[in-house]
Amino acid sequence: GSSYWVLNKTLVAILGLDTAFFLSNLAEAESLFQSKDGWFFQTKDTMESISGLSRHKQDACIKQLKELDFIKLELRGMPSKRWFRLNKLNILNSMAKYESKYQQFQ
């Protein structure tokens, strides 16, 4: 973790600002809390305090990321916690497709 957020311009173009920002926060959490099987958890309250994104915005970001198969989400435990796993291959493939499609305009 650091005092700065890193946003990839290609991901912002693909996802929009809020979802790219949410994914960036998930990537940082993954680097800090990942278990041996690649899963990590982040509560809604923790994500809201770190990112400022409301629960409603988080849910919208999660929906979009799941539809693109950028993340897997499981609810585990009592009370339930949100466990995430990033699908890095799909994220990288989408970025490469976008960049090759729009590279001709640069």
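Here is a short tour of the fold, the surface and the core of this protein. The model is a predicted one. The protein has five helices and three strands, and along the sequence they come in the order α-α-β-α-α-β-β-α. Its radius of gyration is 14 Å, close to the 13 Å that the globule rule gives for 106 residues, so the protein is as compact as a globular protein of that length.

**Overall shape and contacts**
- The C-alpha trace of the protein spans about 50 × 25 × 25 Å along its principal axes.
- Of the contacts with a separation of 6 or more, 55% are between residues 24 or more positions apart.

**Surface and charge**
- You will find 15 positive and 11 negative side chains here, with the centres of the two sets 3 Å apart.

**The core**
- Buried residues account for 31% of the 106 residues.
- In soluble globular proteins, nonpolar side chains tend to be buried together.
- In this protein, the largest nonpolar core has 20 residues, and L11, F22, L23, L26, L65 and I71 have the most contacts inside it.
- At least two residues of this core come from each of α1 (9–15), α2 (17–33), α4 (55–67), β3 (81–86) and α5 (88–102).
- The largest share, six residues, is supplied by α2.

**A closer look at F22**
- Leaving aside residues up to four places away in sequence, F22 touches M47, L53, Q58, C61, I62, L65 and F84.
- Both F22 and its partner L65 are among the core residues with the most contacts.

Methods: Residues numbered from 1 in each chain as written. Predicted model: local features only at pLDDT ≥ 70, side-chain atom pairs only at ≥ 80, totals over all residues. Heavy atoms only, no water. Helix = DSSP H or I, 4+ residues; strand = E, 2+ residues; numbered from the N terminus. Rg over C-alpha atoms; globule rule 2.2 N^0.38 Å. Buried < 20%, exposed > 50% of the residue type's maximum accessible area, 1.4 Å probe, protein only. Contact = heavy atoms within 4.5 Å. Lys, Arg positive; Asp, Glu negative; His and termini not counted. Charge placed at Lys NZ, Arg CZ, Asp CG, Glu CD. Core = buried A, V, L, I, M, F, W, Y, C linked by side-chain atoms within 4.5 Å.
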